[in-house]
Every structure is written in structure tokens, then in C-alpha cells.
Amino acid sequence: YTELVQYSRLRIFDAGEGPELARALAYSLAERTANVTEILQCNVGIIAGYHLLARQSVAVADDWRAYSLLQLGLIWIFTLRNANRVPQEAAREWFTRSD
């Protein structure tokens with residue numbers, strides 16, 4: 001999953017490869033969020049995935065989808081044990097932020 005997020009982060013806005021990467025990331029997120037153990041192991045990664053998909057949705061002018069994905073990301077932020085913020089070290093590792 002980490003490799004998919006890192007690879008997608010660089011190429012998800014590409015007109016040719018971007019839509020396919022967005023679909024792969026969405027399917028991967030669906031699988032990950034279906035398993036509670038994987039969620040607890042990687043909820044910052046899940047936040048990063050939703051954030052990346054939201055940015056891609058904005059790039060293709062699907063603002064409602066972007067908003068919905070960011071709301072899902074907020075739900076996962078609430079599952080973290082440090083209030084409403086992604087830990088800075090994990091944020092750097094996953095290339096995402098909560099600000």
C-alpha cells in the first residue's frame with residue numbers, strides 16, 4: 001500500500017495514467033478499510049490515500065467527490081489518539097497533512 005501511495009503521489013495527475021491509479025488507490029482503500037487490523041496499523045496511510053484521491057478529484061473538477069473524500073479523511077483523523085491532527089512524523093512519511 002505504501003508503494004502504491006508513493007507511486008500515485010507522483011503520477012495521479014497524469015492524464016494517461018492518473019485515472020487508473022485513482023481507481024487502484026480507491027479499490028485498495030476499500031480493501032484496507034474493510035479490515036480493522038489493517039486500519040489500526042495504517043490509519044495515517046488511509047488518511048494520505050483519501051487526501052491524494054481528493055486532490056485528484058479537484059484536478060478533474062469533481063468538487064463534491066473531493067469534499068466527500070476529505071470528510072472521510074477527517075473521520076480517520078478522529079481515530080488517531082492525538083486529537084484532530086496527524087502526527088508530524090507520520091505526516092512526513094506519508095506526504096500528507098491535517099492543516
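In which helix is Ser57 found? Ser57 sits in helix α4, which covers residues 43-59. The views below come from a predicted model, and they start with the whole chain before moving in on details.

**View 1. The whole protein chain is built with 6 helices and 0 strands.** Following the sequence from one end to the other gives the pattern α-α-α-α-α-α. The chain has 99 residues, and 37% of them are buried. Take the contacts between residues at least 6 apart in sequence: 54% of these join residues at least 24 apart.

**View 2. Helix α4 is mostly covered.** Of the 17 residues in α4, 13 are buried. Its length can be checked too: at 1.5 Å a residue, α4 should span 24 Å, and its end C-alpha atoms are 25 Å apart, which agrees.

**View 3. Ser57 is a buried residue of helix α4.** Its relative accessibility is 1%, so Ser57 counts as buried, the cut-off being under 20%. Looking beyond residues up to four places away in sequence, you can find Ser57 touching Asp62, Arg65, Ala66 and Leu69.

**View 4. Ala61 follows helix α4 and has a positive phi.** The angle is about 65 degrees, although Ala61 is not a glycine. Ala61 belongs to the loop between α4 and α5, the latter being residues 63-79. Is Ala61 buried or exposed? With 65% relative accessibility, Ala61 counts as exposed.

**View 5. The largest nonpolar core brings together 22 residues.** Those with the most contacts inside this core are Tyr1, Ile12, Leu25, Leu29, Leu53 and Trp94. Two or more residues come from each of α2, α4, α5 and α6, where α6 is residues 88-94. Helix α4 gives the largest share, 8 residues. For a closer look at one member, turn to Leu29: setting aside neighbours within four places in sequence, Leu29 is in contact with Tyr1, Ile46, Gly49, Tyr50 and Leu53.

**View 6. Glu20 and Arg23 join their side chains in a salt bridge.** How many salt bridges does a search of the whole structure find? The search finds 1. Here the N to O distance is 3.0 Å. Both residues lie in helix α2 (residues 18-33), and because they are 3 residues apart, about one helical turn separates them. An α-helix has 3.6 residues a turn, so residues three or four places apart point the same way. Glu20 counts as partly exposed at 48% relative accessibility, and Arg23 also counts as partly exposed, at 43%.

**View 7. Ser8 lies in helix α1, which runs over residues 2-11.** Ser8 is buried, with a relative accessible area of 0%. A polar atom of the Ser8 side chain lies 2.8 Å from the backbone oxygen of Leu4. Apart from neighbours within four places in sequence, Ser8 is in contact with Leu21 and Leu52.

Conventions. Residues numbered from 1 in each chain as written. Predicted model: local features only at pLDDT ≥ 70, side-chain atom pairs only at ≥ 80, totals over all residues. Heavy atoms only, no water. Helix = DSSP H or I, 4+ residues; strand = E, 2+ residues; numbered from the N terminus. Buried < 20%, exposed > 50% of the residue type's maximum accessible area, 1.4 Å probe, protein only. Contact = heavy atoms within 4.5 Å. Salt bridge = Lys/Arg side-chain N within 4 Å of Asp/Glu carboxyl O. Polar contact = N/O pair within 3.5 Å; in protein donor to acceptor, adjacent residues only side chain to side chain. Expected span 1.5 Å × (residues − 1). Core = buried A, V, L, I, M, F, W, Y, C linked by side-chain atoms within 4.5 Å.
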